[in-house]
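Me: I am new to this structure and would like to learn how to read its features step by step. Could we begin with the surface and then turn to single residues?

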Amino acid sequence: MNLKVILGLLIYFFLGCNQEVEILTEEKIVSIYENGNQKDTQVYHVYNYHKVLIKKIKYFESGAVNLEQKVNEDGEANGITTQFYENGIMQVSGNYYDGRKDGIFYWYDEDGKPTQIQDFNNGVMNFDSSQM
């Protein structure tokens, strides 16, 4: 047997046996419009009974996705957020860090044509193509 494999197994056995095993599951909480379509979904990761919100999805009453947003443990936008028109075309997509816009945001019209680009750093706008 390869020496690296043996060493790896020994480290795993001695260190791994003394650590608590984390059980990861995913849980979704869904609310529904009166017409039966989904209104919003909150996606959680559950680690040994500790539930952490990781993503929010909002829907139009028609059932089309309105917003997909990754969030941090405090429920603030954290990661890529994408908003859509009811026809399914992307309206805007950009990155958030702890609830603040951070990075480039791309805006589109209802036909999917680019209309605006914005650049943010820690919530402060550095550039807006509509102001040119």
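Reply: Accessible areas come from the Shrake-Rupley method with a 1.4 Å probe, and for residues only the protein chains shown count as cover. Here the chain exposes about 9400 Å², of which carbon and sulfur atoms supply 53%. This is a predicted model, in which local features need pLDDT of at least 70, side-chain atom pairs count only at pLDDT 80 or more, and totals for chains, interfaces and linings use all residues. Residues are numbered from 1 along each chain as its sequence is written, and side-chain values use heavy atoms, with hydrogens and water left out.

Me: How many helices and strands are there in the chain?

Reply: Helices (H or I, at least four residues) and strands (E, at least two) are DSSP runs, numbered from the N terminus. The chain has one helix and 10 strands, and from the N terminus on the elements run α-β-β-β-β-β-β-β-β-β-β.

Me: Where does N35 lie, and what does the side chain of N35 reach?

Reply: A polar contact is a pair of N or O atoms within 3.5 Å; within protein, one must be able to donate a hydrogen and the other to accept it, and residues adjacent in sequence count only if both atoms are side-chain atoms. N35 lies in the loop between strand 1 (24-32) and strand 2 (38-47), and its side chain reaches the backbone oxygen of E61 at 3.0 Å.

Me: Is I104 buried, exposed or partly exposed?

Reply: Buried means under 20% relative accessible area, exposed over 50%, and partly exposed in between (1.4 Å probe, protein chains only). I104, in strand 8 (residues 103-108), counts as partly exposed at 41% relative accessibility.
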